[in-house]
Amino acid sequence: MAISGKLLRKELIYAASALCERGMNSELSGNVSARLGNGRMLLTPASSAGILKGALTPNQLSIVAFNGELKSGPENSSEWRVHASIYASMPDVKAIVHSHPKYSLLFTMKHGVGMFNEMIPEACIRLGEAKYYLGYANEPERVGFASGKSGSQDLADSILAEIINKKVSIVVIEGHGTVAIGRSIAEALGRAEELERYAELSYKLLEGSG
Ligand SMILES: [Zn+2]
């Protein structure tokens, strides 16, 4: 059953607020989106719009076409290309969460994304369900890695290629943050949070043993 536009707005506002509350985004950073019909998406506003992302109201969300055209709402996030490229190529993806989580970044900068993929299966064995949250098509490589200038088509292309080629549901962007996809806002948000949780555990585990 298709989720109503009103509920979608409520869930998107919840996700943006949760990311701020949990320290995974600042009030002005990161962005969250959900697929709408007819080649459009619901997207959080640009940081330049000066709107608190932890306290959004339903009319502070933008409707943006996959070609970047703003249909309604405030000026949309400059990272719209990342969201639009994924939605246009992957019909199953219904929601995308882009955040700036500190341990996901710290771990990747210090140990590399390859080590992430070594640590996560271990964490799965000991702690249970991460593979269900993080895995996409049950592939062994669970975290992708992309790079590019913020807001550029190059960055969007790099993220999409990684998701498709490695069949991952979450990608770390070099020195920047993460992008998680899902069949729902709950799934995309949950994946970003699970990665951050395992990044923190893995980081501290390696620090403790080092
Ligand atoms: Zn960002």
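Where does K167 lie? Select K167 to begin, and it will be found in the loop between helix 6 (153-166) and strand 7 (170-173), where helices (H or I, at least four residues) and strands (E, at least two) are DSSP runs, numbered from the N terminus. This is a predicted model, in which local features need pLDDT of at least 70, side-chain atom pairs count only at pLDDT 80 or more, and totals for chains, interfaces and linings use all residues. Residues are numbered from 1 along each chain as its sequence is written.

K167 has a positive phi of about 50° although it is not a glycine, and it counts as partly exposed because it has 16 C-beta neighbours inside 10 Å. A residue is called buried if 20 or more other C-beta atoms, placed from the backbone, lie within 10 Å of its own, exposed if 12 or fewer, and partly exposed in between.

Next, follow the chain into strand 7, which forms a hairpin with strand 8, with three residues between them, and look in the turn for G175, whose phi is positive at about 60°. The two strands pair in the antiparallel sense over four bridges, a pairing that requires DSSP to find at least two bridges, and I173 has G177 as its bridge partner in strand 8.

Now select strand 8 (residues 177-182), which is largely enclosed by the rest of the structure, because six of its six residues are buried. G177, V179 and I181 point one way, while T178, A180 and G182 point the other way.

Finally, select strand 5 (residues 95-99), which pairs with strand 8 in the antiparallel sense over five bridges; here V97 has A180 as its bridge partner.
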